[in-house]
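Here is a short briefing on one protein chain. Look over the sequence and the fold, then read the points below.

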Amino acid sequence: KRFLDGLAEVRNTTTFARALSLDRFYFDATIRAVIDMMRSYRPCFEALGEYAAGMVCFACEPEWVRYVWRDARESVVGVSIASRSCVDLGSRCEMFMSAKTAFSGSSAMTKLTQIPGNALPSFGMFSSREALCDWAATNIALRPFPGHSPNFVERQLQDVAPLGPTEPELSYDAVRIGAESGIAIPLVVINVT
């Protein structure tokens, strides 16, 4: 919202008044794209919230070892997320990703949109369904296991042979489980008039 307000203020500057019509065209396209992003973010961010809630539920999953990749040191290096979760994220973020693509294209075409102090966050994760799924798997699903994770099995005996690297037996449907959990991940509400 602050970025959009900053864009509106640009219209009152001498720089805008002196701008070429092509710059004004791309400026207006950028404003439309920001409004489209604000109008379409809710289903996308609700899906991301459900994904996060699903990963909260994963913390209590008694069979969690069946969903993870481990390396030779038995550290968790990945959680196998069901492709259904990625498809759901992608489809619910499709309109937002489209608006983000329009924003990136139009804002890059004119310097009028470059407002000091009003930079938007990185939206690189919304460049494609694959990028979003990879981002969520790394930044949401792996957060329970940052850096070097402990061995997933608490050994009672020192002479137990190491298990070595393993692949998951199952895939975890984070979005479905999060939606069914009833856990409410706060969603910032943006009103667009």
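Helix H5 has buried residues, and what covers them includes helix H1 (2–10), helix H3 (21–58), helix H4 (83–92) and helix H6 (129–141). Helices (H or I, at least four residues) and strands (E, at least two) are DSSP runs, numbered from the N terminus. This is a predicted model: local features need pLDDT of at least 70, side-chain atom pairs count only at pLDDT 80 or more, and totals for chains, interfaces and linings use all residues. Residues are numbered from 1 along each chain as its sequence is written, and side-chain values use heavy atoms, with hydrogens and water left out.

**The whole chain**

- The protein chain has 7 helices and 2 strands.
- From the N terminus on, its elements run α-α-α-β-β-α-α-α-α.
- Of its 193 residues, 39% count as buried. Buried means under 20% relative accessible area, exposed means over 50%, and partly exposed is in between (1.4 Å probe, protein chains only).
- The accessible surface of the chain comes to about 11,400 Å². Carbon and sulfur atoms account for 56% of that surface. The areas come from the Shrake-Rupley method with a 1.4 Å probe; for residues, only the protein chains shown count as cover.
- Take the contacts between residues at least 6 apart in sequence: 81% of them join residues at least 24 apart. Contact means heavy atoms within 4.5 Å.

**Helix H5**

- H5 covers residues 94–107, which makes 14 residues.
- At 1.5 Å a residue, H5 should span 20 Å, and its end C-alpha atoms are 20 Å apart, which agrees. The expected span is 1.5 Å times one less than the number of residues.
- Which residues of H5 are buried? They are Phe-96, Met-97, Ala-99, Lys-100, Phe-103, Ser-106 and Ser-107.

**The nonpolar core**

- In soluble globular proteins, nonpolar side chains tend to be buried together.
- In this model, the largest nonpolar core has 42 residues. Such a core is a set of buried Ala, Val, Leu, Ile, Met, Phe, Trp, Tyr and Cys residues joined through side-chain atoms within 4.5 Å.
- The residues with the most contacts inside this core are Tyr-51, Met-55, Leu-89 and Phe-126.
- The elements that give two or more residues to this core are H1, H3, strand E2 (76–79), H5, H6 and helix H7 (174–181).
- H3 gives the largest share of this core, 13 residues.
- What does Met-55 touch, leaving aside its neighbours within four places in sequence? Met-55 is in contact with Val-79, Ile-81, Ile-140, Ala-141, Tyr-172 and Ala-174.

- Leu-20, Leu-22 and Phe-25 make a nonpolar surface patch of about 340 Å².
- Patches are made of residues with over 30% relative accessible area and no salt bridge: like charges are joined within 9 Å, and nonpolar side chains (Val, Leu, Ile, Met, Phe, Trp, Tyr) within 5 Å.
- Phe-25 lies in helix H3. Its relative accessible area is 47%, so Phe-25 is partly exposed.

**Salt bridges**

- Side chains of opposite charge can pair when their charged atoms come close.
- The count comes to 11 salt bridges. The rule asks for a side-chain nitrogen of Lys or Arg within 4 Å of a carboxyl oxygen of Asp or Glu.
- One of them joins the side chains of Arg-42 and Glu-46 (3.3 Å, N to O). Both residues lie in helix H3, 4 residues apart, about one turn of the helix.
- Arg-42 is partly exposed at 34% relative accessibility. Glu-46 is partly exposed too, with a relative accessible area of 34%.
- Another salt bridge joins Arg-84 and Asp-173 (3.2 Å, N to O). Arg-84 lies in helix H4 and Asp-173 in the loop between H6 and H7, so the pair ties together parts that are 89 residues apart in sequence.
- Arg-176 is partly exposed, at 30% relative accessibility.
- Salt bridges that share partners join Arg-84, Asp-173, Arg-176 and Glu-180 into one network.

**Around Arg-84**

- Not counting residues up to four places away in sequence, Arg-84 touches Asp-173 and Arg-176.
- Arg-84 and Ala-174 are 90 residues apart along the chain, and their C-alpha atoms are separated by 9.0 Å.
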